[in-house]
Amino acid sequence: MKTLALYARIGLRNIRRNARRSLFTIAAISFGLFSLIVFQALKVGLHKEMVSGTLGLDAGTIQVHAAGFEANMALIQPIPEMDKVRSGLAGLKLTDFSERIKSPALVLAGRKSSAIMLAGIQPAEEKKVTFINRRVVEGDYLAEADRVLLGRPLAESLGVRPGDEVVLMAQSMYGRPVTRKFVIGGLYQTDLPSFDRSHAYLPLPAAQRFLDAEDVVTEIALHTDPEQAPGLAAGLQQRLGPATWQVRPWQRTVPDLVQLIALNDATMRLLIVIVFAIVAMGITNTMTTVIFERFREFGILNAIGAGPGGIVSLVILESFFLGAIATGLGSLAGLAAGLYLQHYGIDLTRFISTNQYFAAGHVLRAYVTPGDLLNAVLITLATAIAAGIYPAWKAANMDPVKALVHN
Amino acid sequence: MALVELRNVIKTYLDGESGPITALQVTDLRINRGEFVCLAGPSGAGKTTLLNIIGCIDRPTAGRVLIAGRDTAKLRGGQLAGLRRMAFGFVFQSFNLIAVLSAYENVEYVLLLQHVPAVERRQRVGEALESVGLARLMHKRPGQLSGGQQQRVAVARAIVGRPLLVLADEPTANLDSQTGEELIALFFALQQQSQTTFVFSSHDPAVIQRARRTLAMRDGRIVADERLDGKDLPSQSRFSGQIHFPQVGAEIHPFVRPENAHGQPDDRPEVD
């Protein structure tokens, strides 16, 4: 231990002795770590934004349907034994959910018409699952029993506004065409015009009456912690049984989001490999230069009996100290930048096109987690140590005769 | 038994153009404990090669090198490092101190490698530096010391581990003549007190004449082996009579311990 302490002293003093070179190396490693922390925090923030935006738009984190629902989504397929489903939800203490009835429909205003997905929702419960209520830009949010809520782009294309009448046309639960006039109660607008143009809302009882589907619910959308959704969905599915009901977490209802996140993760990993390969090359280069400059010193150490193990320890310790100092600086800078971006975010309005993943907003916020920070620090330290191995091996295996005559 | 014994040692180097070059060819050389030996000869005579081979820094191409009767050819890298650590002290022409360590730390380093306990370490480092007249400068780094002072730190480092043999390659070459003479006087005084064996090389006649035994070298061969018993150092050496170096060489490393308690050669595994 005492010898290691001496090597540590030698390492630290050599770092200080070659201050400029050490500074460049430390700056390079720090920048690598800083980038890693910030990119990772932005990536986590991006994923959170994408998940909350996508799921908060309509899907929720878990959906319950009748079994076989996917076979023909155009038909109204009632969820059977709703009391049992509600009791199953209560049994798992899942309280944030909204019951819905959904059906394809046509909205007509004068000579203009548009195909939409009509959703009958429970206005109060829906607030716990989606953010549509927060995006009402004109009129009100399903305050009256028979008023329809349209997306503003749809209303604009139909040439109507709150207070005007539109006609909804659909197929009833029994296959009969049904048509009825509804007064527009309000308009909503998300950041996703394609969604706004194709979705309209009625209070659940009004939609049930319109579709001749009294007390029918075709979909229950839940809000839970997205990370826990698969486990909760499996638990609910087990409790209800698979034959009659279908319970799916968002990873199954929105698989493209999962794939996009996986793609982002893979890209991030590649970025980490590239950044840290550069960092490792920087450290290796520095340490190899150090070995060359101190060729004679290592020869002396060898001659007076330090042995290969001692020389390896000395070089790796020096490399580790470079990494440790850089880790301290880089993690502080990364943490500060990450927290700043977590608080203020980056407004991406000018840089991204509107898509379903950013329906909730265009401000990207970083999200620093202790686990990610620890990982980044460990990766940096491991890189620093690994980068010292080759120079250490080189130093330990140098010919002492050549080293002693080296100038 | 001789402390150092070389039998039919040859060292050749490969040269791309002219083929193998014989740098050293020593048929029979014995150096006993307590000798004060100078390897004399011009540059290229093979002095450094011989010192490196005796000090187990280099290996011979052919022949055998025995330290206290034990063949060093059987030792691996780590074992050789252990032998160097415990049995030899080295002084080099260019001082070769570790620049970032103080004089004290440079000397202490050898004892750390030997795992000497802290209290004893402090005492021995202090004594070693005092014996070379540098106790007051022990916290200076090499860059803050003159060439002569640095070389004396190197001497303290060489003797602090209580080696059996101190090897010094042209130790006065980078010193002025007076400092060089003082250094050799210091060697001699240490040798007189501790009976540690000193082998040093030089091409300086003023230094060579201080030796008790001179091995004259030329073209890789020992061409003369001259013993000058009774010769003493001049009285003006400032180190004469001032040395209080404790028992250099008193503790013998197991590798070079020639016999065990029963008078048999000690065959225990070598160190590292």
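In chain A, strand β2 pairs with strand β9 (residues 219-222) in the antiparallel sense, and four bridges hold the pairing. One facing pair here is A:Ser98, which sits opposite A:Ala221 of β9(A). Keep in mind as you look around that this is a predicted model.

β2(A) has other partners too. Strand β3 (residues 112-121) of chain A runs antiparallel to β2(A), and ten bridges join the two. Then there's strand β6 (residues 165-171) of chain A, again antiparallel to β2(A), with four bridges. To find that pairing in the model, look for A:Leu106, whose bridge partner in β6(A) is A:Met169.

## The hairpin turn

How many residues lie between β2(A) and β3(A) in their hairpin? There are two, and A:Gly110, which is in the turn, has a positive phi of about 65°.

## How enclosed is β2?

Strand β2 of chain A covers residues 97-109, and ten of its 13 residues are buried. Buried means under 20% relative accessible area.

Now for some open space. The second largest pocket has a volume of about 360 Å³. Its lining is made of 13 residues, and those nearest the centre are A:Val44, A:His47, A:Lys48, A:Val51 and A:Glu227.

Which helix gives the most to this lining? That's α2(A), with six residues. Helices α2 (19-59) and α10 (255-293) of chain A each supply at least two residues of the lining. As for the kinds of residue around this pocket, seven are nonpolar, two are polar and four are charged.

## A buried arginine in chain B

Over in chain B, helix α2 spans residues 77-87 and includes B:Arg85. Is B:Arg85 buried or exposed? The relative accessible area of B:Arg85 is 11%, and the cut-off for buried is under 20%, so B:Arg85 counts as buried.

What lies 3.4 Å from a polar atom of the B:Arg85 side chain? The backbone oxygen of B:Leu113 does.

Methods: Residues numbered from 1 in each chain as written. Chains lettered and ligands numbered in written order. Predicted model: local features only at pLDDT ≥ 70, side-chain atom pairs only at ≥ 80, totals over all residues. Heavy atoms only, no water. Buried < 20%, exposed > 50% of the residue type's maximum accessible area, 1.4 Å probe, protein only. Pairing = 2+ DSSP bridges. 1 Å grid on protein atoms, 1.4 Å probe; cavity = no way out; pocket = protein on both sides within 12 Å on 5 of 7 lines; lining within 4 Å. Points joined across faces, edges and corners; volume = space filled by probe spheres on them. Nonpolar A, V, L, I, M, F, W, Y, C, P; charged D, E, K, R; others polar. Polar contact = N/O pair within 3.5 Å; in protein donor to acceptor, adjacent residues only side chain to side chain.
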